[in-house]
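Dear colleague,

Please find the structure below, handed over for your review. My notes on what was found in it follow directly after.

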Amino acid sequence: MSIEIKVPVMGESVTEATVGRWLKKKGDAVTQDEPLVELETDKVAVEVPAPASGILEDISAEAGATVKVGAVLGAVKEGAAGAAAAKPAAKAETPKPAAKAEAKPEAKPVAKSEVPPPPPSVKRIAEEQKLDTATIDGSGKHGQVTKGDALAALEARKKEKPVAVASSGTRAKSDREERVPMTRLRKTIALRLKESQDIAAQLTTFNEVDMSKVMALRSSTKDAFEKKHGVKLGFMGFFVKACIAALKEIPSVNAEIDGDDIVYKNYYDIGVAVSTERGLVVPVVRDADAISIAGIESAIGDFGGRARESKLKLEELLGGTFTISNGGVFGSLMSTPILNMPQSGILGMHKIQNRPVAVGDKIEIRPMMYLALSYDHRLVDGREAVTFLVRVKENIEDPQRLLLDL
Amino acid sequence: MADTYDVVVIGGGPGGYNCAIRAGQLGLKVACIDKRGVFGGTCLNVGCIPSKALLHASELYEEAGEHFPKMGIEVKGLSVNLKGLMAHKDKAVSELTKGIEFLFKKNKVEGIVGEGKIVAPGTISVTTKDGTREITAKNIVIATGSDVAPLKGVTIDEKQIVSSTGALTLPEIPKRLLVVGAGVIGLELGSVWRRLGSEVTVIEFLDRICPGLDLETGKQFQRILTKQGMSFKLSAKVTGVTKKGKALSVTVEPAAGGTAETLEADVILVAIGRRPYTDNLGLDEAGVKRDERGRVVTDHHYATNVKGIYAIGDVREGPMLAHKAEDEGVAAAEILAGRAGHVNYDAIPSVIYTYPEVATVGKTEEELKAAGVEYKVGKFPFTANARAKSNLTTDGFVKILADAKTDRVLGAHMVGPDVGNMIGEVVLAMEFSGSSEDIARTCHAHPTLSETIRQAAMGVEGWTMQM
């Protein structure tokens, strides 16, 4: 019996994904729950496991195709599990057209669940004109897409197209450049960053921090720490704690604007930007105020590892009340991070560099780091932003303040 | 003093009783006052329902006489027993009014038979057979409906010179019936008596019947009625009636003025329209604003200018239709219960229950032209519909109007068999912002009259298939 491989539900706001690599070829033996194909979404890459053990009988969505939640990716022929002996039997049955015919109609886009499916006229237009009705804002009851909406969307698409053709036409094709489609993640990053700049009144305040004491603390305790907690002691845990202490003092940095309201959050879900091959992701350490530094360090270590393997779960990327981004790992001395909307603050950490600084009346060499806080000036005042950053600096320069909750 | 009601509805017609039932469903303490003695208002007692009983029975009578022989069925000794006919009508009315009492009980509505008068916002005096008392209500809904509009110079006695009320209870079939006003009521009741044997002449002040009807639809309708034997005098007005023995002598003048002529009739039906009914309601004392036509002025939440007083149905603006009143009653109850009550005035159907019926919804061609809306027309005649053909009911057509650009259905106008039931399909499509193509691509059972709608819808984009 054929079992369809369907695009799984990947979270509330995710309605479609791009098919990545197929990890198995048609005809390959698969076992249940073995990853078959990668899907890339706005937020996360997921692997779709085999629904049953058997033979990968059909691939109906090739790499690069855009698919909706619930759409059919292919089919597994159940039972003929792995063994070579089962192969001939499977072969004999593969050309059965019935199974394919069944799978096909369902491969059509499935509409957003909360919006009623489009009426017959719109279904026709969508099919004939390859129009994705899920992207149209419906004007009908409960947001249903009417024929007028679909025609308007077609019209808008027509207007867009010539421009696109013209712009690509002016540039000569060159073998000295390579044109690749943006990945979904890249597109989302591009969109979100630009959106952030369009909406928030962003500006950045700077400070610098003397890392001597934290570094001394770290080097004197790192072996004991790693032995006990099984994770290396880094600086991130200190910064998360330093930020939470400062956020508690300056709540506007932990707030967001919702319509005409400001929402102050009395919980501290700290996003930690992690760079991966595919782009930037920001997993969130939940209720970080209630976890020890060891807990934070191990959470971040786990996120980093899984982010690089594209195995983060969607829910691990949602929410977050404040973000920390560390450009220092790549050597950045100074930067102005962009807000992760709708948050109103983001801390930029940078490279630790030995620099001569005046300590009292003497010049000393100290390990220094520049700190940047980008904030949304709509709800965070300059005084608040500066105070926040000074507080982070103080907490790092004098880490026992954290212990004593000063 | 008794408890305060959340809502007191004055008037127990389709607007009022539905408003009260919905309010009861939503958990409000509600009373509905009506002075008629039985609930149901004009619609149930002297309007929609009794007229439909007579229309249906008389239609069958005519069908038996005219159509049966054409279909090979011989009828001998076919005759009308007017007393039996009226008993049939009265039975339908009394069963339905009892139905309302049952619905009131079921939905915890206190029905009060008496005359309600607003003493002050929040206070109503109720005069019943046991005397007068005052009740208090957080909200008052005026649903007193409408009454027959009088014709200047003509006094209605409900015997020889009748309104719609009297025309439903004529003791004998008049030889000559003169109908003043070619509106819905005049044409429906005119049809009843013509079928039963009266010579019917309809006099209309305007140059067309059923003003407001899509022009082409109205013309076709008039042609069919004329063919059935009804005569029309358009652009004419009745200026006087005198008794001449048992008969009546009626003076008719051209609307624009000119030489008068005299017509003879046995019964005159005055059906020139209806006016909002607000007599003895205390509106002036309460300071409730009305417009120049006597209609209670409300905002789109049915609130009058006086806090806590609302109005729905015929007594406010809009078409005087039972189902429009009903929808407003429901919406008002929902608004009073803190919900989102709403009536879509672009999708209210209107039906004339003659044979053939006339059913319309949305904009007419004339309205669209006047508004400068570009539209497309799809039309299909019943002569090309298989079912109509085999039923010998081929009079009429269906016309669908849709926006030229978006194809959204803007109106539908039909003359034909059973179109009053069929219009529901188009109303639903319009309620859901449907396009002509949506109707055209919806499967319709074959062979049915409703296929005419589909073929007409196809015609909007030029792909009518069966003609």
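In chain B, V162(B) lies opposite L269(B), a residue of β15(B). Please bear in mind throughout that this is a predicted model.

The pairing behind that position joins β8(B) to strand β15 (residues 267-270) of chain B, in the parallel sense and over two bridges. Both strands belong to an open sheet of five strands in chain B, ordered β8-β15-β9-β10-β11, with parallel pairing. Its edge strands are β8 (161-162) and β11 (231-233) of chain B, each of which pairs on one side only.

I turn next to the interface. Chain A and chain B each bring 12 residues to the contact. Together they bury about 950 Å², of which 51% is on carbon and sulfur atoms. Of the area that chain A buries against chain B, 49% comes from P120(A), K141(A) and K147(A), more than from any other three residues.

Five salt bridges are found across the interface of chain A and chain B. In one salt bridge, the side chains of K147(A) and D407(B) meet at 2.5 Å, N to O.

On the side of chain A that touches chain B, the elements giving two or more residues are α3 (120-129) and α4 (147-170) of chain A. The most comes from α3(A), with four residues. By type, the residues on this side of chain A are four nonpolar, five polar and three charged.

Yours sincerely

Conventions: Residues numbered from 1 in each chain as written. Chains lettered and ligands numbered in written order. Predicted model: local features only at pLDDT ≥ 70, side-chain atom pairs only at ≥ 80, totals over all residues. Heavy atoms only, no water. Pairing = 2+ DSSP bridges. Contact = heavy atoms within 4.5 Å. Buried area = accessible area lost by both parts, 1.4 Å probe. Salt bridge = Lys/Arg side-chain N within 4 Å of Asp/Glu carboxyl O. Nonpolar A, V, L, I, M, F, W, Y, C, P; charged D, E, K, R; others polar.
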